[in-house]
Amino acid sequence: MFKRVHDPLGTSVAAGFVLLGLVLAWTSQSMTAMGSVFPITISSAMAIVGLILIVRNIILGIRGMTPVSRSTGEGGVEGGSNMRRLLFVAAMIAWIALLPVLGFLVASALAYFAIMIVAIHERMSVKEIALLIVLGFAILVGFYALMSEILLIPMPRGLFF
Amino acid sequence: MDKIIYLFEALSVANLGLAFVGVLAGIVIGALPGLSATMAVAVLVPFTFTMNPASGLIVLGAIYTGAIYGGSYSAILVNAPGTPSAIATTFDGFPMAKRGDGALAVSLATLASVIGGLVGALLLMFLAPPLATVALAFGPPEYFWLAVFGLTLISALSVGNLLKGLIGACFGLLLSMIGVAVIGADVRFTFGSQTLIGGIDIVAGLIGLYCIPVLIDLVATKDPHLKVASDSSGFRLAESFGILMRQKFNALRSAVIGTVVGILPGAGGSVASLVSYSEARRSAKNPENYGKGEPGGIIATEAANNATVGGGFIPTLVLGIPGTPPDAVILGALLVQGIKIGPQLFTSQGSIVYTFIFGLLIGTLLMLPIGLVVGRYAYKSIISIPKAALVPTIAFLTVIGSFAIHNNLHDSAVMLGLGVIGWFLNRAGFTPSPIVLGLVLGQIAEQGFVQAYLIGNAQQNVLGQFFGRPISLAIAAFAILTLFYPLIAKAIGARRARKSDVDQTVESRKADV
Amino acid sequence: MRIGTLLSTVVFAIGVTSGIASAQDYPSKPINYIIPFNAGGESDVAARFQQPFLEEVTGQSIVVQYISGAGGAQAWSQLNGMEGDGYTMMGSNLPHIILQPMAQDVGYTTDDITNVYFFQYTPDALLVPAGSDFQTLEDFVAYAKENPGSVTISGSATNSANHVATTKLNELADIQTTYIPFSGTSPSMTALLGGQVQGSFSYSTAALNQGEEIRVLAVAAEERLPSLPDTPTFKELGYDMVGGAYRGIAVPSSTPEEIRTQLSDLIGEVNANPEFVKKMEDAGFVVISIPYSEMPAFMEEREQQYQSVAETMGIETSSN
């Protein structure tokens, strides 16, 4: 039965939104009158539109519509390595988490080159790799100087710098 | 024209040099996501204290206008609006760049920005005092309807997927409510997290929702980031001019919308570009192309957001009320210099004001050559840099850019979190633009609504607040028109098609004879 | 070139992290002055006024930086995590640092903020448009008495200094007005000038900026302001109301006592400079001098004041 639902991924995400809408609408009730008008209205609206989407997809599924092919390019790139995607996100999380611990330059250098490795798809000569490393350091130091020395932004400092 | 004498003052070699450096620095800072015009202006303020006031203002104005324009580069080339003003530039700019038309898109953005900037500055010069009254005519209900108008763009951005677009917009609106509420001071939807108590910054949301998904998919495959055009040489300037001439009404209308919205404190460049984008799409002959790489979309948003520079200065200089955040910094700088703002400024300090406006005009014109050269360089380096360097560099920019908004790592965490959510939602068919729209317009809509309700309640005329004010009604009418325009256009189109069929048959018969 | 920058950054960073606070030669390097708000606000403008004078008395450059968000709470909650060597100081604002932790958990408590000096305040000012029928505060109060709840007063945010002022006036004059919170001083002022609301609570500084467009009914200062000589104070009109937004300077709690006193003395030196006072007063600020030694008494007095207002505003004192 569930297999026949039109657009199963979109439908299950919509179910998540319905749930989120209900939870938020419920938590909004403890707020002041002024502060709760919008949260309650919008979260209920989200839940209702989500339900409509689910019902429509179930009906479409029963009528035997095939999942729509993605018409616009906004759906993102299909295929490719999910492992690389995961590693990229993990490197980003580590980057932001380590900034205040290791300091700006050290954390950034680690994460920068980690992401670089994740993004390399073809074999490279030693010369190319050396060039990339030099370029990377130049970008990191350049931006650090721009931000802390010219724009006077207080940079996160950690164990190192 | 007694104002002309100030033109010569603004044209002094020193001031020209300052404008040049200012525009260049502004473009670079604006192009980097998170590094904003406000920041650039704030950093420069102490230096301007050592200059004479007019020169100081010229530098500040040049940086500001350059930064707003620079935001279009990253919007077009990496799908990350460098400033919130460039949100709508990603709608068509990035698709154009992806298919290999990046150079064209950058040239168009440059031309449109210059036109927008000129219109805004000219209106500032000639019509500032009367236009300042627009800022005063806009009360809470008008802001509410303006935000609703902006939200109607959802129907256009999610053609064939309206339900998902609506859910996304609701999600974005809810995101805008996170943190301590301005009205009522409730702490909303933070779930006890210190990170969320400051709310979700719009810029952090933008960088996350637009840029992180692109990066996630970029590492996954071997494909290059942008397609390289067959003839990647040149600015494609002649072609851009041709397109611009065909779209001149679009450009002018967008520039005027941008100026007017720029006058409204609390609306700003993002709202201006969204509203003019919506209008451009509604009145276009090919609305279905918008969002898929239509040059008209870039012209509309870039003309509008650069017009907000001049527009924003109108209430700043006339009323002493800053129209945009960078204006607030400039206003503070003027105060520290001991210059009194207000209606008398244009008469008592005419030399400073008009030298400044001419400086703004010159800065805007300088944007054309500087922008074309820098833009071409930016495009070339984006397409020629290997992916292994491009991905970590953009990732680095997203982290430091979101950090630099408030010099706070909370925003970086929010940015990344939203980016991952955005990637996943996009997979399920919930595109980021409606979410961003909700996030940008949510605060304006909510505050306008609740304030209007409170005022109406005090005057015992709540309905009058929402439906009894002419400007409100006009904006509401435009909102409804935009919402249902696709249906109306279809009906008109169908009738016209029938008619032109008849015409053609008549003509072909004539030809036969 | 690049290596040069890198090296200088390394040296700079090491200097910063290992810089041992030494009271004898303090200050011996640039001082970071963090503003917990965006550039362009009153806190920023006041800091910009101080900057050249502070640089003169310290002989060091003062670097103004911004960490904004959550009405200042983002910066204040980070304050004690910063280096307590006297080279990091942060703007501190009342009533913010008292009311914010009172109303909710914002990541810091009032006692977490080590204030070394309060150097100025901007008195609350009740404003009406220049064309308003309310010529005096008396007109305003009389009208509000006849029409309870119908007079609208705009201000910046909820539980803010403007909100406190409105609540206090309601209480002292025994009237009922409707407070309309806006997202900042500018939108609030725009609403007033556009006639969307009938009155507005703002600061003396804003009152000066708008000049002839508005009429200031009264200011909540001890005595009339030099910059607004024709405007009465609430006090002389019979309302015991003195208040506004107080701005000072705080340091991380790890800063040694000696340095705190030294810093307080340096700021006091600037505050005693007549040129500085003149500049501040022209812009609508009132210069006050509450040095480190008088801080506990001052804070206690303010806390008590806000405590009572907070109760009428309905802020529940949270357990922390």
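Guide: Two residues are in contact here if their C-beta atoms, placed from the backbone, lie within 7 Å. Nonpolar means Ala, Val, Leu, Ile, Met, Phe, Trp, Tyr, Cys and Pro, charged means Asp, Glu, Lys and Arg, and the others, Gly among them, count as polar.

Please keep in mind that this is a predicted model: local features need pLDDT of at least 70, side-chain atom pairs count only at pLDDT 80 or more, and totals for chains, interfaces and linings use all residues. Residues are numbered from 1 along each chain as its sequence is written, while chains are lettered from A and ligands numbered from 1 in the order in which they are written.

How confident is the prediction for chain B? The average pLDDT, which is the predictor's confidence in each residue from 0 to 100, is 84 for chain B, and 93% of the residues score at least 70. Within chain B, helix α8 (residues 162-177) has the highest confidence, at 93, and helix α21 (residues 470-512) has the lowest, at a mean of 69. Residues 505-513 of chain B have a pLDDT below 50, and this stretch has zero contacts in the model beyond near neighbours in sequence.

Now step across to the partner, chain C. Its secondary structure comes to eleven helices and ten strands. The radius of gyration of chain C, 21 Å, agrees with a compact globule, because one of 320 residues would have a value near 20 Å. That radius is taken over C-alpha atoms, and the globule rule is 2.2 Å times the number of residues to the power 0.38. Along the principal axes, the C-alpha atoms of chain C fill a box of roughly 70 × 45 × 40 Å. Of the contacts in chain C with a separation of 6 or more, 76% join residues 24 or more positions apart.

Buried residues make up 53% of the 320 residues in chain C. A residue is buried if 20 or more other C-beta atoms, placed from the backbone, lie within 10 Å of its own, exposed if 12 or fewer do, and partly exposed in between. C:Asn209 is found in helix α8 (residues 204-210) of chain C, and it is buried because 23 other C-beta atoms lie within 10 Å. C:Gln307, in helix α11 (residues 295-313) of chain C, is partly exposed because that count is 14. C:Gln307 and C:Leu99 are 208 residues apart along the chain, while their C-alpha atoms are separated by 8.3 Å.

Let us return to chain B and look at where it meets chain A. This contact takes 54 residues from chain B and 60 residues from chain A. The elements of chain B that give two or more residues to this side are α3, α8, α9 (202-220), α17 (387-406), α18 (409-427) and α19. Among these, α17(B) gives the most, with eleven residues. By class, the side of chain B that touches chain A has 37 nonpolar, nine polar and eight charged residues.

What makes up the secondary structure of chain A? It comes to five helices and zero strands. Of the 161 residues of chain A, 33% count as buried. An automatic or database domain assignment sets the bounds, giving domain 1 (2-72) and domain 2 (82-150) of chain A. The centres of these two domains of chain A, taken over C-alpha atoms, are 39 Å apart. Chain A has a mean pLDDT of 84, and 86% of its residues reach 70 or more.

Note on methods:
Helix = DSSP H or I, 4+ residues; strand = E, 2+ residues; numbered from the N terminus.
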